[in-house]
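User: I am new to this structure and would like a short tour. Please show it to me, and then I will ask about its parts.
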Amino acid sequence: MQHLTPRAPSRASQKLPRRLFGRWWRRQTLAQQDRFATLGPLVSVLLFLAAIISAFWYLRNEEFERETESVKRDTEIAQQQIRLRLIENQEQLVRIAREIVTRAIDQDEFLGQAASFTRERPEINHLFWITTTRTRKAAYSAISFHPETGLSGDEYGASLPKEGKTTEPEAAFLAARTLRQPIYTRPFNDSYGMPVVQVQIPLIDRSAFSGTLIAEYSVEALMRYFVPAEVSNRHAISLLDSQDKVLASTVTPMPGQKSRPASIVHDVPVAPAGDGLILRGQGYRTSIGLISNTLFWMVAALSVLTVWMLLGTWRHMRRRLQMQSALVSEANFRRAMENSMLTGMRAVDLEGRITYVNPAFCAMTGFGETELIGRTPPFPHWPPDRYEENHRMFQQELQGRSPAGGIEVKIMRKDGTLFDARMYVSPLIDPKGQQTGWMTSMTNITEAKRIRDQLSASHERFTTVLEGLDAAVSVLSVQQGELLFANRSYRLWFGADARGHALLAGDSPGLPRLTDMDDGVDNLGGVPTQELTEAGSDPREVFVEPLKKWFDVRSRYLQWTDGRLAQMLIATDITARLSAETLAASQAEKAQVTSRLVTMGEMASSVAHELNQPLTAITNYCNGMVTRVKGDAIEKSDLIAALEKTSRQAQRAGQIIHRIRAFVKRSEPQRQAAQALTIIEDAVELASIELRRRHVAIQTYVAQRLPTLMVDPILIEQVVLNLLKNAAEAIDSAQLPPARRNIELRVVPRHTPEEGGVIEFSVTDMGPGLKDEVIARLYEAFFSTKAEGLGIGLSLCRSIIESHRGRIRAQNLYNGSSVVGCRFTFTLPVDTSRSEAHPTPNPAVTS
């Protein structure tokens, strides 16, 4: 059985890192190798210095953390000692208080127990037995020697509670009486000026408060007896009040000297004394810092010296490498130009022999460097059919007579394809100032030439389109007022003068007055073109007086090809359109008047019947007065009364005639501020004649405080009257019973997402309703369901409402599947800028 022994690493595996490092080192340039050789030791020294500083810093932090833990531990030990002593004393005091309450001891026995209690507890100065009236029933003092304080009177005055005083004993007495549990006071000074703390044990006799048992601790004695010596030897321990005032300390400061603040502080409360007493432990760093560490400064000084020497060596090598770098840069500059330039470069000597070509020239022509160097004309990249032309241009190149703007030539690639190129020629000067040849740069302009041809064709097409427009298009320079472009229509109307552009621009608030601009001042300099376009792009209608034409003008600002700010106007002749609109408006007005006349014609019999009543009354009054005057049987007062009645009947007839004339009178549409209540009252007054004749009742409701309408009141009155008349005719034609012979007219405000705030007018009847096919064609011109109807009433109503930016609609009312009426509704938008509160009377019923 063979024993296997560990095999040593092979020599090949040991040499692998060395080979890799050697391969990487050989790939570096000489300058990089020198830089690495110099910077390597420098980096090593800096790393060594950083390691030393880190080690010192780590040791310092570790020592600080150990000292902090030690201070915290000693402070908590002292706190535990004091806390246990206070709890033990409190238990004994509670036992004594219980004996006092159960009357197991009297005053003399209390004094004996107090002496025995304080003898074993040197931290307690006094014991007091206090009644509910704060009177001292018994007191024992453990202080055998009182300091010379110069006090007179009651030496326990500061230690006893006093009613109405804001002392610590009084506050603890009140708290013990209220809470019925031991209460510790905050630190205070007794009659001798010594800091003390009291604990007051309430005396509860049959659930009644009968006083307190007070034990007064000396703060200095708590510190002296209950802070272990080993703790005070290591760290300074102090007792402080809530205001951070030192009451007692294991270290006494030198008089007149300010103590050095501790670097480590740990505070804990002295339980169960509450937040009035704080135990503070203080520690100081015993180790010296980095600044005073001699070893550290020796290492730092040696490191700085080494770094300084290495920097000096590096600067010396850098100066030596600058010359080498300059030579390398010169060589690399030419190579970089050759490899990065997209422009082909070719050099020829004074005899015309090619001496140099760059890679871009070879890539353009497809010929290699070996195929071109040393060649003389004709060159292989000359097209065979252009030898003579290329030879002539080459002779001009050798003579230095090539144009400065370059020459455009055809170049043949190695595969026989041709491309357009532009060549620039410049003399080749050597370092001695002698010309050794000519340098030619060549650029492929095939794509640029194609794009230029496309742009030229596109510009031609664009110009053709603009020239064929019926609208006048003009572009004017804002700064100089120069007309930059004008199409055929503009030249036909205004010629080649910029004043036509100014006439079209006019005085619109959004456009500047181009004719008033100073050529030397850029009034709109710095203003973005987009902002100017938004300011003046709204279409306007402009009347040109010399041409007697109306134009629709649209404008915008743009940046001209040379960077100047320009204004473009597109003016369309709208004279014929405006004339047609005027004619249509006139025809619409005539149709409205005709509709009103037709309405009055249809109501003629009702109007005649309405007028017959006042006229008959006038005749009767006149005949009666004539008879009584002839018989001399009338008094003056009766005559006057009869004449007044006759006058009222005549006024009534005149009002009817005046209202009808105002309704049918032809006038221009005029929008004005109007109230819905006034319109409804006038329309109902006219319609009531027809309604009474057909025995149809009307119920009107107009909401209060409706806003003002900006409408033509006559036209809206015409719509309301037409709807009321149609409803009455539908009810009368259907011969409905009296219970269904009524119409409801309502005017209320509405707000919808589509229309916003509107006033809604609705006319509801209890008639037979409308058929679906009739509703679909209800607003068609000349469509009517009446045998003698013209079919223009509802069509005009719709035109009137839509001209006021409102909507009109009709719908049947159903009771289950039966039609029980019809409702016409139209809305008018509210002019909120004129909204006012106009009170209206209470809703009334008119029949």
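This is a predicted model: local features need pLDDT of at least 70, side-chain atom pairs count only at pLDDT 80 or more; totals for chains, interfaces and linings use all residues.

User: Where does Glu760 sit?
Analyst: Glu760 is in strand β25, which covers residues 756–765.

User: And is Glu760 buried or exposed?
Analyst: Glu760 counts as buried, because its relative accessibility is 13%, and the cut-off for buried is under 20%.

User: Let us turn to the aromatic rings. How many aromatic pairs are found in the whole structure?
Analyst: A search of the whole structure finds 10 aromatic pairs. One of them joins Trp493 and Phe551 edge-to-face, with 5.1 Å centre to centre and 65° between the planes. That pair links distant parts of the chain, 58 residues apart: Trp493 is in helix α12 (residues 488–494) and Phe551 in strand β19 (residues 549–559).

User: How accessible is Phe551?
Analyst: Phe551 has 0% relative accessibility and therefore counts as buried.

User: What about Phe761 and Phe826, how are they arranged?
Analyst: Phe761 and Phe826 form a stacked pair, 4.8 Å centre to centre with 5° between the planes. Phe761 lies in strand β25 and Phe826 in strand β27 (residues 818–829), so the pair ties together parts that are 65 residues apart in sequence. Both Phe761 and Phe826 are buried. Phe826 is also one of the residues that Glu760 touches.

User: Which residues are linked into a cluster by ring pairs?
Analyst: The cluster consists of Tyr490, Trp493, Phe494 and Phe551.

User: Changing topic: what is the strand order in the open sheet of five strands?
Analyst: The order is β17-β16-β20-β19-β18, and the pairing is antiparallel. At the edges are β17 (483–486) and β18 (540–544), each pairing on one side only. From one strand to the next, the twist averages 30°.

User: How many bridges join β16 to β20?
Analyst: Six bridges join β16 (residues 472–477) to β20 (residues 565–573), and the two strands run antiparallel. Within this region, Ser477 stands opposite Ala566 in β20.

User: Now the helix α4, please. How far does α4 reach?
Analyst: Helix α4 spans residues 168–179, and its 12 residues reach 16 Å from the first C-alpha to the last, close to the 16 Å expected at 1.5 Å a residue.

User: Which residues of α4 are buried?
Analyst: The buried residues of α4 are Pro169, Glu170, Ala172, Phe173 and Ala176. Seen down the axis of α4, they fall within an arc of 165°, so they line one face of the helix.

User: What covers those buried residues of α4?
Analyst: The cover includes β1 (124–130), β3 (183–184), β4 (188–189), β5 (195–205) and β6 (208–218).

User: How many residues of β6 are buried?
Analyst: Nine of the 11 residues in β6 are buried, which leaves the strand mostly covered.

User: How does β6 pair with β1 and with β5?
Analyst: Both pairings are antiparallel: β1 and β6 pair over six bridges, while β5 and β6 pair over nine bridges. In β6, Leu213 stands opposite Trp129, and Ala215 stands opposite Val199.

User: What sort of phi do most residues other than glycine have?
Analyst: Most residues other than glycine have a negative phi, and most peptide bonds are trans. Arg180, although not a glycine, has a positive phi of about 60°. Arg180 follows α4 and is found in the loop between α4 and β3. Arg180 counts as partly exposed, because its relative accessibility is 41%.

User: What is phi near for Asp244?
Analyst: Phi of Asp244 is near 65°, again a positive value in a residue other than glycine. Asp244 is in the loop between β7 (236–240) and β8 (246–249), and it is partly exposed, with a relative accessible area of 46%.

User: Finally, is the peptide bond from Pro377 to Pro378 cis or trans?
Analyst: The bond from Pro377 to Pro378 is cis, with omega near -5°. Pro378 lies in the loop between α9 (369–372) and α10 (387–398).

How values were computed. Residues are numbered from 1 along each chain as its sequence is written. Side-chain values use heavy atoms; hydrogens and water are left out. Helices (H or I, at least four residues) and strands (E, at least two) are DSSP runs, numbered from the N terminus. The expected span of a helix is 1.5 Å times one less than its number of residues. Buried means under 20% relative accessible area, exposed over 50%, partly exposed in between (1.4 Å probe, protein chains only). The arc is that of the directions from the helix axis to the C-beta atoms. Contact means heavy atoms within 4.5 Å. Two strands pair if DSSP finds at least two bridges between them. Axes are lines fitted to C-alpha atoms, for helices over the stretch in contact, and angles run from 0 to 180 degrees between N-to-C directions. Rings of Phe, Tyr and Trp (its six-membered ring) pair if their centres lie within 6.5 Å; planes under 30 degrees apart count as stacked, over 60 as edge-to-face and the rest as tilted. Lists of a residue's contacts leave out its neighbours within four places in sequence.
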